[in-house]
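Here is a friendly tour of the model below, arranged by topic. Keep the structure open as you read and follow along.

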Amino acid sequence: MRKVKIQNRLTVIFLIVSVIPIIFIGFYSYTIYSKSINNKLSKSTFQALTLLNRTMLSELNNYQYLAGSVSTNSIIQERLSAAPNEPAPSNAAINHAMDNLYRTIYPGYVQNVRVIDAKNQPIYELGYDGIPNPKYEEIMKQVELNAPYDSLNYVKSYRAYNTIVLGRKIFDQDDIGVPLGHVFVFIGGELFSKVILSSVDLGTGSSLLIMNREGKVMSSNQKDTPLGEPYYKDELFKQIKTQEAKKNHSFQGMVNGKMQQISYINNNQLGWYMIST
């Protein structure tokens with residue numbers, strides 16, 4: 001019996017001296033390794049989002065240039081600034097001026113261009129697609145909120161296309177403080193979902209999203225993601241806003257019941273968030 005007790009004691013001592021430290025060191029090493037991997041993954045993902053953001057700004061520059069060219073066109077300016085009883089360029093003259101403009105700049109994903117006056121009456125429309133009038137009122141509100149930058153808004157067009165509408169206020173060239181109307185450039189959603197977001201592969205199961213400042217999804221590289229709605233009942237965007245207040249651009253969070261690595265960039269000029277999960 002005495003020998004058995006001694007063996008038990010030796011076994012316990014052996015476990016305490018050798019096995020338990022090994023388990024502790026292994027757990028500690030795994031924790032450090034996991035943290036290191038997560039940090040590297042966060043940095044890599046954030047770098048990819050930064051490049052994507054630059055790509056998006058570069059692509060959008062073509063459509064912003066088109067909006068600017070329409071806004072400053074002399075015929076458009078003359079028509080919008082004309083007093084009610086003054087002679088003004090005809091619709092035919094405006095169409096001719098726009099046709100000439102499109103010969104120099106017409107980005108590939110343009111679906112429509114619409115110009116309205118200060119009374120919200122259309123003076124020009126390219127006409128390939130459109131949206132209900134109340135949607136224009138919503139976009140104009142976003143233009144005011146996003147001033148002095150352009151507003152970008154998701155809509156479903158008459159033809160059921162996923163569309164991003166770039167909205168800009170038109171000012172008098174001779175008196176920059178006088179608003180004359182608005183220009184709207186309709187951009188096919190494929191520019192974002194198929195060209196920009198799909199240009200980077202962050203791994204199997206990863207998702208790339210563009211959300212507006214209200215947390216609604218504007219575009220995604222995943223076809224089954226509902227657009228124009230909050231993502232998973234807003235649980236992702238709420239976490240992003242919490243982490244943004246702490247100035248954390250990468251973190252781990254729960255989305256749809258799963259722990260995920262989340263990174264984001266807030267593009268203040270566009271009023272958009274580019275997000276990876």
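In this predicted model, strand E1 (residues 110–117) and strand E5 run antiparallel and are joined by seven bridges. On the E4 side, strand E4 (residues 162–171) is also antiparallel to E5, and nine bridges join the two.

- Five strands form an open sheet in the order E2-E1-E5-E4-E3, and their pairing is antiparallel.
- Strand E2 (122–125) and strand E3 (151–156) are the edge strands; each has a single partner strand, so one side of each lacks a neighbour in the sheet.
- On average, neighbouring strands here are turned by 20° against each other, ignoring direction.
- How many of the 10 residues of strand E5 (residues 179–188) are buried? Nine of them are, which leaves the strand mostly covered.

- Helix H3 lies across E1 and E2, and its direction is at about 40° to E2.
- Helix H4 (residues 133–146) lies across E1, E2, E3, E4 and E5.
- Relative to E3, helix H4 runs at about 160°.

**Helix H2 against helix H3**
- Helix H2 (residues 74–81) packs with helix H3 (residues 91–102) at an angle of about 150°, and their axes are 9 Å apart.
- Because an angle over 145 degrees counts as roughly antiparallel, H2 is roughly antiparallel to H3.
- From H2, the residues that make the contact are Ile75, Ile76 and Arg79.
- From H3, the contact is made by Asn91, Ala93, Ile94, Ala97 and Met98.
- The crossing of the two helices, H2 and H3, is left-handed.

**Ser220 in strand E7**
- Ser220 belongs to strand E7 (residues 217–220).
- Is Ser220 buried or exposed? Its relative accessible area is 5%, and because under 20% counts as buried, Ser220 is buried.
- A polar atom of the Ser220 side chain lies 3.0 Å from the backbone nitrogen of Gln222.
- The backbone oxygen of Leu208 is 3.4 Å from a polar atom of the Ser220 side chain.
- Setting aside neighbours within four places in sequence, Ser220 is in contact with Ser193, Leu197, Leu208, Leu209, Thr225 and Leu227.

**Thr242 in helix H6**
- Thr242 sits in helix H6 (residues 235–245).
- With a relative accessible area of 41%, Thr242 is partly exposed, because that class covers values between 20% and 50%.
- Which backbone atom lies 3.0 Å from a polar atom of the Thr242 side chain? It is the backbone oxygen of Lys238.

Note on methods: Residues numbered from 1 in each chain as written. Predicted model: local features only at pLDDT ≥ 70, side-chain atom pairs only at ≥ 80, totals over all residues. Heavy atoms only, no water. Buried < 20%, exposed > 50% of the residue type's maximum accessible area, 1.4 Å probe, protein only. Helix = DSSP H or I, 4+ residues; strand = E, 2+ residues; numbered from the N terminus. Pairing = 2+ DSSP bridges. Polar contact = N/O pair within 3.5 Å; in protein donor to acceptor, adjacent residues only side chain to side chain. Contact = heavy atoms within 4.5 Å. Axes fitted to C-alpha atoms, helices over the stretch in contact; angles between N-to-C directions. Parallel < 35°, antiparallel > 145°, perpendicular 65-115°, else oblique. Left-handed = near helix turned anticlockwise from the far one by under 90°.
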